[in-house]
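Hi,

Here is the structure we talked about passing on to you. Please have a look first, and then read on for a few notes on what turned up.

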Amino acid sequence: QVQLVESGGGLVQAGGSLRLSCAASGRILGINAMGWYRQVPGKQRELVAIITSGGVTNYADPVKGRFTISRDNAKNTVYLQMNSLKPEDTAVYYCNVDRTAYGVGPVLYWGQGTQVTVSS
């Protein structure tokens, strides 16, 4: 099992910044991509950004140029720097990793979610 602990959410005014962190622990051997998703009530969870073990990144169109995903493999931690926040960025943000080990996988793991609220 992989445990994911998120931090850094909160309330911010439009135009402000927040930095989310997600630390992985447990059976971390074999973790591949790490990413962030978000969800608002009544809508499907959507990809925000993802980073591979080799550092290749991909972003959803609404956040391109404003959000930056990074990871520290030594700390097994993924970050999401969110700048120029907009009210429509308000959501619960979830950390996600996929793991392949001993021929099994990829298996997806999710964090508990952290609330981000952007006021206008």
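Please keep in mind that the model is a predicted one.

Which residue does Cys22 form a disulfide with? The partner is Cys95, and the two sulfur atoms are 2.1 Å apart. In case the term is new to you, a disulfide is a covalent bond joining the sulfur atoms of two cysteines. The structure holds 1 disulfide. Its link between Cys22 and Cys95 is left-handed, with -80° about the S-S bond.

Is Cys95 buried or exposed? Cys95 counts as buried because its relative accessibility is 0%, under the 20% limit.

Now to Ser21, which is also found in strand β3, a strand that covers residues 18-26. Ser21 has a relative accessibility of 17%, which is under 20%, so Ser21 counts as buried. What does Ser21 touch, leaving aside residues up to four places away in sequence? The list is Val5, Glu6, Ser7, Trp36, Val78 and Tyr79. There is also a C-alpha separation to look at: Ser21 and Thr77 are 56 residues apart along the chain, and their C-alpha atoms are separated by 6.8 Å.

Happy exploring, and do write back with any questions.

Best wishes

Methods
Residues numbered from 1 in each chain as written. Predicted model: local features only at pLDDT ≥ 70, side-chain atom pairs only at ≥ 80, totals over all residues. Heavy atoms only, no water. Helix = DSSP H or I, 4+ residues; strand = E, 2+ residues; numbered from the N terminus. Buried < 20%, exposed > 50% of the residue type's maximum accessible area, 1.4 Å probe, protein only. Contact = heavy atoms within 4.5 Å. Disulfide = S-S within 2.5 Å.
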